[in-house]
Amino acid sequence: MRDPISSAAPPYPAVAEKFKFYGLWVAAAIALLVLPKLFSSGGSLTTFSLIGISIIFSLSYNILLGQTGMLSFGHAVYYGLGGFLVIHAINMIGINKLPIPLPVVPLIGGLTGLLFAVLLGWVSTQRSGTAFAMISLGVAELIASSALILRTFFGGEAGISANRTKLLRVFDWSFGPQIQIYYLVAAWTLIAVVAMYALTRTPLGRMCNAVRDNPERVQFVGYDPHVVRYLAFCFSGFFAGIAGALAAINFEIANSAYLGAVQSGTVLFATYIGGVGFFIGPIVGAIFVTLLSLGLSDLTPVWQLYFGLIFIAVVVFAPGGITGLLMMHRPLLKAGTLSKVLPSYLIAFVPTLAMIAGLILAIETTVHYTVNPGDDSHIKAFGVNFDAASPYIWAMAAILMIGGFLVARKTWTWVGHAWDEATSMTREEGVAA
Amino acid sequence: MLELIVISTLNGVLFGMLLFLMASGLTVIFSMLGVLNFAHASFYMLGAFFGFQIGRWLGFWPALLIAPLLAGAIGAGVERYGLRRVHKNGHVAELLFTFGLAFAIEEIVQIIWGKSPVDFRVPPLLDFPAFTIFSTNYPAYKMFMLLVSVVIFAALLITLKKTRIGLIVQAALTHPHMVGHLGHNVGRIFMLVFGVGTALAAVAGVIAGPALVTQSNMAGLLGPILFVVVVVGGLGSLPGAFVASLLIGLVQTFAVSMNGSLSGAFGPLSPDYATTWLADIWGVTIAQIAPIMPYVLLVLILIFRPMGLLGTRDT
């Protein structure tokens, strides 16, 4: 007779698969080590640090949204409180000369996030769905408004600052230069990513998915969805606290913006644009959104509008996010039918790009007339110079926008047909979607 | 003291009625589409800015009519071409769509009208004190605001309860498929309701614009309070939204006008508290914590009565 447990458990992974799996993490670690050698300027090191912080924060958010199906509008609370506590901790350690080096300080932020998630989570996670979203919003507003009232602790509008170099030194690292902060952030990013990935593989992680998909059934099996949501919420708060702590160490300041609605909105944007369906999604989203916000703000003054429009476009056209879009093509790639859709993509991209260009042109000319009407009408946006007063530019914007829209609509239906054809061929070849 | 109570009650009821103008639309939209419209306060803001701009070109009275129609048309368009597309991706996608929309609308308003408050004035016809109580002049414009809100409230109630359209809307709330089978275009009803709901928010914006500050952050300030109203009243309950609007209006107005603090009440007992880190909590006045009162109320309600004051379903 066969052992029932061994037949129910998934097959033990082959050596090659295990090698691939661990190789991926080792490769990531090596990439993090080598990265500053390739891009050694101060600006890029700061960017990498910000991306690392954003990755931890977005992944912690995805424990809620992607893994457990809870849409939170107030995740920055745990990030911000972690940051504030860490600044206070650094000051306290510095004054009392406690034997605590900086690399373990983010743990204080994590524990702060955990503590507040434990306190606030029980009430918040009683329901999921819209009710949870509204509660998280209310709690976030409550904490953010309180932060402005409790001036001694939160430092009012200006915030509080600390000096990170005054702590106990290990291996003679002062953590003054950005490169050392980069390595600190990189190490914590790797640890947090591995930990959060491991969390998704535990029974708790699986129950979180079950609660997301069918809470009623989870109850029948004998679990309390509320408890599962609460545990997920606590873990999420812990990692958000670590991210906030790293941000506070990076900037050496914590202010009320850390707790605010903008911060909560940014992490939601990053996670959703990256894609909530896959573990790697928030990582992609964090990289994309951080680079986008840094890059766009150099190119145009109204970058936040583009940011919002990109988000809306993702919600409407690609609910799976960037990774969702890419992963859709995996079965086609396996079956070798990808070549069926690629030509139609190329055809569809031309009018779509024209439409987007027209839209950008229209926005930039409007911005010229409303934001700085007195200036010279020869403006520069996205590195292109043009005359905002010229009627040709206006006509071009209108033609690109309307013409592009009409043609794009036509071509995207072709893409749809090509897609259907390719997927049905894939199905015939027997590749699981 | 009596003066304070009378004036605060008037202001509180006024603010509550304004909140209800918006919360009613939000509640009906929620009951119908099952999605909480995050951008609802943005339509309030659009109403205020449209009212300001049209008021400049044509005067206040045409603006009071045109601005809500315009905002309502935009709202209907959003439902028809945005929400309906997103609907198949589930409620989270719908909520996120309105969230992104709120973000984009705020940016667009900032681009067009700038970040600083615009000079939206009370129309000269109403720019006089209506009456004087206890040496305080009460502006006629505020009475006008109250009148408009009450009239719209009554009209809404009669439309929903007594007319044929109201009956169909009510039926579509609970049994959209049955209403569809009876030959009504449910999609169009949804669009209509969304348009009317956003238009109501815009009316609130036009009449509140001159009295409060018309600025690009007004949606961000009011939006969360609006959600508090809807959740406290009970998701999907119109009478609940009414009670909660008045409650929050009164709570906030009374809190703003009070100056008491813990140190004022108990200060002489232990004066040394004022020097410790507790000084913040010790010295803060009720007026200062007025902005967080709605959220405290929200948390209390969620702990003790999770379905809201008059709500029936425990979502």
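This is a predicted model: local features need pLDDT of at least 70, side-chain atom pairs count only at pLDDT 80 or more; totals for chains, interfaces and linings use all residues.
Trainee: Let's start with helices. How is the packing of two helices described, and what are the values for α6 and α8 of chain B?

Mentor: Two packed helices are described by the angle between their axes and by the distance between those axes. Here, α6 of chain B (residues 164–174) meets α8 of chain B (residues 186–208) at about 105 degrees, and their axes are 11 Å apart. Angles from 65 to 115 degrees count as roughly perpendicular, so α6(B) is roughly perpendicular to α8(B).

Trainee: Which residues make that contact?

Mentor: From α6(B) come B:I168, B:V169 and B:A172, while α8(B) brings B:V186, B:I189 and B:V193. Sorted by class, this contact has 6 nonpolar residues, with no polar and no charged ones.

Trainee: Now the two chains. How many residues does each give to the contact?

Mentor: The size of an interface is often given as the accessible area lost when the parts come together. Here we can go by residues: chain A gives 39 and chain B gives 41. On the side of chain A that touches chain B, the elements giving two or more residues are α6 (129–149), α7 (151–154), α12 (261–274), α14 (303–317) and α17 (338–371) of chain A. The largest share of that side, 14 residues, comes from α6(A). By class, the side of chain A that touches chain B has 24 nonpolar, 12 polar and 3 charged residues.

Trainee: Last one: B:L310. Why is B:L310 called partly exposed?

Mentor: We count neighbours: 20 or more other C-beta atoms within 10 Å means buried, and 12 or fewer means exposed. B:L310 has 17, so B:L310 is partly exposed. You can find B:L310 in the segment after α13 (293–304) of chain B.

Trainee: Which residues does B:L310 touch, not counting residues up to four places away in sequence?

Mentor: They are B:G233, B:G234, B:S237, B:P239, B:G240 and B:V243. B:P239 is 71 residues from B:L310 in sequence, yet 7.2 Å apart in space, C-alpha to C-alpha.

Note on methods: Residues are numbered from 1 along each chain as its sequence is written. Chains are lettered from A and ligands numbered from 1 in the order in which they are written. Axes are lines fitted to C-alpha atoms, for helices over the stretch in contact, and angles run from 0 to 180 degrees between N-to-C directions. Helices (H or I, at least four residues) and strands (E, at least two) are DSSP runs, numbered from the N terminus. Angles under 35 degrees count as roughly parallel, over 145 as roughly antiparallel, 65 to 115 as roughly perpendicular and the rest as oblique. Two residues are in contact if their C-beta atoms, placed from the backbone, lie within 7 Å. Ala, Val, Leu, Ile, Met, Phe, Trp, Tyr, Cys and Pro count as nonpolar, Asp, Glu, Lys and Arg as charged, and the others, Gly among them, as polar.
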